[in-house]
Structures are given as structure tokens and as C-alpha cells.
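Dear colleague,

Please find below the structure that I am handing over to you.

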Number of protein chains: 2
Amino acid sequence: MWDNALQYFYEAANLGSMRLASDKIGVAVSSISRQIAQLESEMGIALIERGRRSIRLTEAGQLAFEYHKNQLADREALLNQIQELREVKSGRIDLAIGEGFFGPPFTALIEGFQRRNPGIAITVTSCASTEIIRMVLDDEAHIGMILHTTSEPKIRTRSAVAQPLMVLCAPGHPAAAMEALTIADLAGFDLCLPPQGFRIRGTLNHAEKRAQTWLEPRLVTTSIQMMREIAKAGRALTVLPRISALAELEEGSLVARPLLDDAIEHSTVSLIHRLGRQLEGAPARLMSVLEARLKSWS
Amino acid sequence: MWDNALQYFYEAANLGSMRLASDKIGVAVSSISRQIAQLESEMGIALIERGRRSIRLTEAGQLAFEYHKNQLADREALLNQIQELREVKSGRIDLAIGEGFFGPPFTALIEGFQRRNPGIAITVTSCASTEIIRMVLDDEAHIGMILHTTSEPKIRTRSAVAQPLMVLCAPGHPAAAMEALTIADLAGFDLCLPPQGFRIRGTLNHAEKRAQTWLEPRLVTTSIQMMREIAKAGRALTVLPRISALAELEEGSLVARPLLDDAIEHSTVSLIHRLGRQLEGAPARLMSVLEARLKSWS
DNA sequence: AAATTAGTTGCGTTTATCGCAACGATGAGC
DNA sequence: GCTCATCGTTGCGATAAACGCAACTAATTT
């Protein structure tokens, strides 16, 4: 309620007369006079000197004047920020991504997006699938990117593209000579795999169960980076989606061979967000970019 | 109008629910919901995430939240300042004083006032009577203090105390032996007077005209300080109100003798302010202090 | 001294806000 | 998976604030 009265007071003080303020604002002089009088009575102190034709501010009036001037500036700043948000010129996107997706292609995608949308801050968090789902549910992340679809309720799978797990090894590795490998084949080689609890390992577990063969990796690491390097060195095989080693596959330092298992061949990469949370602005834009790029990678 | 909606939004966001906000503010939930919705439509962007039980802020919502928080702080600061003004803890007083009033008693008065009212800034300007009146009329000074009353319209004489011009001289001066002096007596001594244009000189002029005697001062100065010093040295007489040399009279380094002239004996010291400008707060307080002290000096 | 122009006040009208109640939707518990 | 409690939303009549018009008072101007 103060807001109106202060505005009238401010304009009257600025223009030096209530009538000019009346013209500018478009309200009757009487209202202006009344609002100011009311403001004064609420503040318990006079803002303008009475018994005078022109508007002269008392000390309290000058304080109120400066106060409102600053307030206007602050409000304009807020409106600018809001405007930028609407135009997606600024904003924040929180992304939760399985570590397997990291690598030059993904980095290039993010960099390209930021170049085209300066002012948008992006946070990319890397963690396990279950954690990603939790973050999306709790709105700690706008968008999540996980292997395999999830049956979790309250999660909307926006886009899912086929992205089967592959066996990766160096070109000179014995496995590279094979067209495809079964779980049993895998068991015969040195393996580098992520620890239990990772989605990749969980998917493999199911396959092991079906094949009644249990894998015993020589090296267990949470670092996809390390898995790629071990495989490149030819010391071991690793199991990852193509997307996790796109750069290496293109330059030929790694080769990919299918892993013969129904569930694994049909595994997918999913872009998810919380059901009921309509993405808008920056997150929506990034979502569509991710969606398009993911399809081009599959 | 924004103000209300923002407040509701702020409380709802703060308490995490519209109903709690409703209890705290004392307004129906429906109004809160509506006000927030309206605010959103005016801003053109959602502030809280819909389709959710609890209140969660969007990015724009967080901006608005912070904005209003700052706004509240600013408003409280303003209210504090206003409160201080009302309690006369702060404020500004502009005083315009004839130079004749300067001296230890006046200085002590101002110092005492400032000690009892810390936070109040006082500006004491010294100038000629006509200038004092102009400053009061133009609101460049809250209070003026002049010799003699003025017939100026738009000037309100708040208080006038008798303060006849006296002849001042050193105790050993021949004039000190006289009970009282006439204008003609004055003409026989060396004189130190202010220049034409000063109120004292104007008052004397009238007396000279009546007595058909013209004074020719040996020394003319605008400095009351200098006049007092000259008189103390015994070199000349000077003409001032008692108030201008209160300290010297008390310590006995100067003596005062009446100047026999109707108008001069009835001259006064006046506290003036602009007609229609009701003094309040700090200026009013100082005015009453000045009034009381002036009477005690007369 | 009259005229002009400023701010103020009274009164009827318009607009915005409010409260109540019914509704729709979300999330917790069984 | 279903029910129930609770929270936010919407419709409608009531209420209060703000508004415009016009008459009024007061400060400047000529």
C-alpha cells in the first residue's frame, strides 16, 4: 500500500508540483494529495512543508525521496534480471550426468551451448545413477542423463536412444579380432570394470546371472577415464557405451565389439527430468540440444 | 500495488506454505494465492513451481525473494531514520546569526545543545541582518537572530527581548566614569563601529539624526571580535548590545554604559523564522532553548 | 485588491482486495 | 494401489480502498 503513496509523493517532489505529477501519472490531484497526507500520518511525520505553494521537502521528505529513488533503481534491476531470464540470456542449469558420458564430445557440446548462450551458468555433476535420480526428484538437477531407462515413478523420460554397452579394447588386443563377445568370452580376459553399485555393473550383473557366468575384474575403478586408459594400453577389456569413448573410437585407439546379451544390446541412454516440472528457458533449451545430439550419436 | 503481492509471496516462500503465511499475515489463503498469481502474470514469469504441495521457488522467484528481502531491510533503515527524526535524535538545523552574538556564551549554548542532542548537525551562518532575513525567507535558515525587530511581512518574530545598545569601554577609560552617555558625548571620543549597512550602524544613524550629531568612527570593522578587543585595550569606545560582550562584562575587562536615546534603549534581540513554517523536531527544540537563554541574558 | 493558481476536503462512484466455500491436485499412510 | 488429509486454486458476494469531480481555502502575482 505504501508503494502507491510513495510513488505519488516521489513524482510530486520530483516535478515540484502535485498537478504536474497528476498529469504524468494520470490520477486526480486530490488522490495525490490524499495519498501523501496518508503516508505522512502513517509515518507520523511531515514529508512536505505545508503552507506553501510549491512542494518543498522536509528532512523526512528528503529521506523518503532518496529511499524511493533507490527502490526504483533496485526494482529496475530486478526487472532486468527477470527479463533476461525470460529471454534465456541468463539462468542456471543443473545437470546430473553419469560419469560415463564425460569426454571430448560432451565437453564440446556444453562449450558450444555456452558459447551460443552466454550468461547461462551450467553445473554438471557426475554421480551414480541412483544419485542422479534422487537429484532430479529433489530438484537439485534440472536434467539427468542415465544409462538404461528407469521405472521410477515421478520421473519423466524425455528421450531415450539406444546405446548398448560394448566391449572396448585396444586394436591389437585378442578380443579385437572377434566379431562379438559373450559374457563367457569376457570371463576369459583381464577386465577393468566400475564397482558394484554403478549402473553398468548392475546391467552386467543381470547378464552374468542369465549366462551363469561371473566376471572377476582385475581392476575396479569409479573413473571412466581410467577404464579408457587401461583399455587403450591393451592391458584389459572394459565395458562401456560407445558414447563414453566416442573420441577414442573415432581416432582408432580403441575398438568396440558388441556384447551378446539381450538386455545389454537394448540398453539405452535416457534424458530425464522430474514429472510435473515443466522445464522452461535455459534448461528447456539445453534439453532439446542434448536430445538432438544424443540421437546423432546413436 | 506490487508491494502487497510481494509481501505475500515473500512470507509464503519464507514459511514454505501459503497457509502459514495466511496465519501470519492475517489474510485468507485465497487472497495470497491470487496475489501471487497476479504478480507472476505481471512479471510474465513463474515465481513458484506449480504442481507441488510445498512452495518451491523458481529462479525468478529466488530473484524476487532476495529483492524483497533487501527491500525490507531498506525500509527498516528508512523507518529508523524517520524514528530518529521524530525523537529529535538526528536532524539538521540551519541558524543565521548576526555576528554580534558570537562569543563564549553563545558558543557554550550551542555546545551544550549538541551535547544533549547528539546526532543533530547545526550550521551557524554569520551575516548582516538583511541577509539573515533573506535566508529565513528562502528557507536557507530555520531560525534567524537579529537585533531590533523587523517589520518584514512573512517573518514571524517568535521572541523578542530587550537588549539595548550599550557603550562599551575599558574600566579605566574616561567614559567609564560617566553614568550614561548621549550621542553628543560619544562624538567626543575615539570610536570603533561597524560599517554602514550593519543594523547597529543603522540604529545609530537614526539616533544621530535625532541628536543632529554625526559620529565619525576612528576605526570601522565588520568584526565584532575586533571591536571588543579595541575597547578592551582602552583605545576607543564601541557600541554593542550587552549580549555581544557578555563574557568580558562578567570578567570586568569591559564595562557597559547606557546610551541615552529612546529608540536605542528600546532595541531588542529577535528570534525569527518564516511565517507559515512551523518548526518541529530539532529546530523547534533549539528555538525554545534560545528563547529561554535569551531571556536569562536580558 | 482582484485574479490566478496552488493544495485540500466532501461526496458519490469505481475498482481492487478480501473472506467464504467448493473444487482439484498432491503426497503420505495403510 | 487405494484412501484420506492437506494444500493451492477458482467462483462469487461483501468490503474497503482509491478515484474523480467539484467546491473550498490559501498563497502568490499583477
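**Surfaces near the DNA and between the chains**

H3(B) provides the largest share of the surface near DNA strand D, namely five residues. The model is predicted: local features need pLDDT of at least 70, side-chain atom pairs count only at pLDDT 80 or more, and totals for chains, interfaces and linings use all residues. Residues are numbered from 1 along each chain as its sequence is written, while chains are lettered from A and ligands numbered from 1 in the order in which they are written.

Helices (H or I, at least four residues) and strands (E, at least two) are DSSP runs, numbered from the N terminus. At least two residues of the surface near DNA strand D are supplied by each of H3 of chain A, helix H2 (18-25) of chain B and H3 of chain B. A residue is near a strand if its C-beta atom, placed from the backbone, lies within 6 Å of it. Of the 22 residues around DNA strand D, the nearest are Ala28(A), Ser30(A), Met18(B), Ser30(B) and Ser33(B).

Around DNA strand C there are also 22 residues, of which Met18(A), Ser30(A), Ser33(A), Ala28(B) and Ser30(B) come nearest. H3(A) gives the most to the surface near DNA strand C, with five residues.

Between the protein chains, 29 residues of chain B are in contact with 29 residues of chain A (C-beta atoms, placed from the backbone, within 7 Å). H4(B) contributes the largest share of the side of chain B that touches chain A, 13 residues.

Yours sincerely

Conventions: Two residues are in contact if their C-beta atoms, placed from the backbone, lie within 7 Å.
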